[in-house]
Amino acid sequence: MQPRNMSMSGVVDLAAVKAAQEAKAKAEQARAETARQGGAGAISPADLVIDVDEAGFETQVLQRSAEVAVVIDFWAEWCQPCKQLSPVLERLAVEYDGRILLAKIDVDANQMLMQQFGIQGIPAVFAVVAGQALPLFQGAAPETQIRQTLDQLVQVAEERFGITGLTVDPDAEPGAAPAAPAEIPAGPYDALLAAAVDALDAGDLGGAVQAYQNVLADDPGNEEAKLGLAQAELLHRIQGLDPQAVRRDAAEKPGDAAAQLAAADLDLVGGHVEDAFGRLIETVRRTAGDDRDAVRVRLLELFEVIGPDDPRVAAARRALARALF
């Protein structure tokens, strides 16, 4: 079993970005349906802290992360700092009243999960939101720091992914299953979007680009198609590039728009988001006319790949405005 849509190494995980967008849309639809039906089933506060093993990771963490931010506490019985940290996390999980779910994983009994998350020491605390793994902190942190981290996590889960958490009823019986979420009807473009994803999975980048363009031809405001198109076009552009040659060319020709565009694409796919943005903003300053406009448009496309809510995008937008005006 391999956790899906992990973004652990700093590399831009395009599948994870898409999964986040899908999770946000589904969460918004599910909330609307829940409100229409008069509310969903609630869980007991005791169910906000769960023990998870490798066999249950898929359903208890990955799937649940589409409805609540799941905080993972990697611990072991022999670990003294764990004995200080775990009670704090358990108390805060209840205090946050359904906005987070705490999953406790014993590393001695779940070595595979420990390896998959790349954990070098415990206690180690991660979060999974909309299928994406986010490292939070390692070691026994002060409670004030933990609260700040959890507050940021809850904010990201809601603002970026539309995930608002679970309904908690103090009178609910522990272990009672909440009502099953309502089935979300298929949208008018689900088949076309699924075809685009299948094309991406098969390495048919041209086919994926065309499929997303077909959706946008009928629905220019479709956010999932716009994001998917930006991803597919980025992957299509870097296909077959020689990274060493591209970077050498960019270093030798700082004012060459084409050379900097290619290098920026490699920067972004390699996880160097700020480097990619900074490279193109500097190129905007150095160029004029059609070259300058081409660089500006490409930068806006890369903003789409990362997402408008990312603080690096907001900072780069301000820098671009200064470079242009």
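**Loops, sheet, rings and helices**

Author: Let us start with one residue, bearing in mind that this is a predicted model: A130 lies in the loop between β4 and β5, the latter being residues 132-138.

Reader: OK, and what is the phi of A130 like?

Author: A130 has a positive phi of about 50°, although it is not a glycine. Most residues other than glycine have a negative phi. The setting is the hairpin of β4 and β5, which has two residues between the strands.

Reader: Is A130 buried or exposed?

Author: A130 counts as buried, because its relative accessibility is 8% and the cut-off for buried is under 20%.

Reader: Which other residue has a positive phi without being a glycine?

Author: D97 does, with a phi of about 55°, and its place is in the loop between α3 (80-95) and β3 (100-106). D97 is partly exposed, with a relative accessible area of 47%.

Reader: Then what about cis peptide bonds, where would I look?

Author: Look at I122 and P123, which are joined by a cis peptide bond with omega at about 0°. P123 lies in the loop between α4 (111-116) and β4 (124-129).

Reader: Let's zoom out. How many helices and strands are there?

Author: The protein chain holds 13 helices and five strands. Of its 325 residues, 42% count as buried, and among contacts between residues at least 6 apart in sequence, 71% join residues at least 24 apart.

Reader: And in what order do the strands sit in the sheet?

Author: The five strands form an open sheet in the order β1-β3-β2-β4-β5, and the pairing is mixed. At the edges stand β1 (49-51) and β5, each with a single partner strand, so one side of each is left without a neighbour in the sheet. From one strand to the next, the twist averages 25°.

Reader: How do β4 and β5 pair?

Author: They pair in the antiparallel sense, over six bridges. If you want to trace the pairing residue by residue, A127 stands opposite L134 in β5, while F126 stands opposite P135 in β5.

Reader: Which helices pack on the sheet?

Author: One of them is α3, which touches β1, β2 (69-75), β3, β4 and β5, and whose direction makes about 155° with that of β3. Helix α5 (residues 143-161) also packs on the sheet, where it touches β2, β3, β4 and β5, and its direction makes about 165° with that of β5.

Reader: Changing topic: how many aromatic pairs does the structure hold?

Author: It holds five aromatic pairs. In one of them, the rings of F57 and F117 have their centres 5.9 Å apart and their planes at 75°, so the pair is edge-to-face. This pair links distant parts of the chain, since F57 is in helix α2 (residues 57-63) and F117 is in the loop between α4 and β4, 60 residues apart.

Reader: Are F57 and F117 buried or exposed?

Author: F57 counts as buried at 0% relative accessibility, and F117 counts as buried at 5%. F117 also pairs with F126: their ring centres are 5.2 Å apart and their planes are at 75°, so that pair is edge-to-face as well. F126 is buried too.

Reader: So which residues make up the aromatic cluster there?

Author: F57, F74, F117 and F126 form one aromatic cluster.

How values were computed: Residues are numbered from 1 along each chain as its sequence is written. This is a predicted model: local features need pLDDT of at least 70, side-chain atom pairs count only at pLDDT 80 or more; totals for chains, interfaces and linings use all residues. Side-chain values use heavy atoms; hydrogens and water are left out. Helices (H or I, at least four residues) and strands (E, at least two) are DSSP runs, numbered from the N terminus. Buried means under 20% relative accessible area, exposed over 50%, partly exposed in between (1.4 Å probe, protein chains only). Two strands pair if DSSP finds at least two bridges between them. Axes are lines fitted to C-alpha atoms, for helices over the stretch in contact, and angles run from 0 to 180 degrees between N-to-C directions. Contact means heavy atoms within 4.5 Å. Rings of Phe, Tyr and Trp (its six-membered ring) pair if their centres lie within 6.5 Å; planes under 30 degrees apart count as stacked, over 60 as edge-to-face and the rest as tilted.
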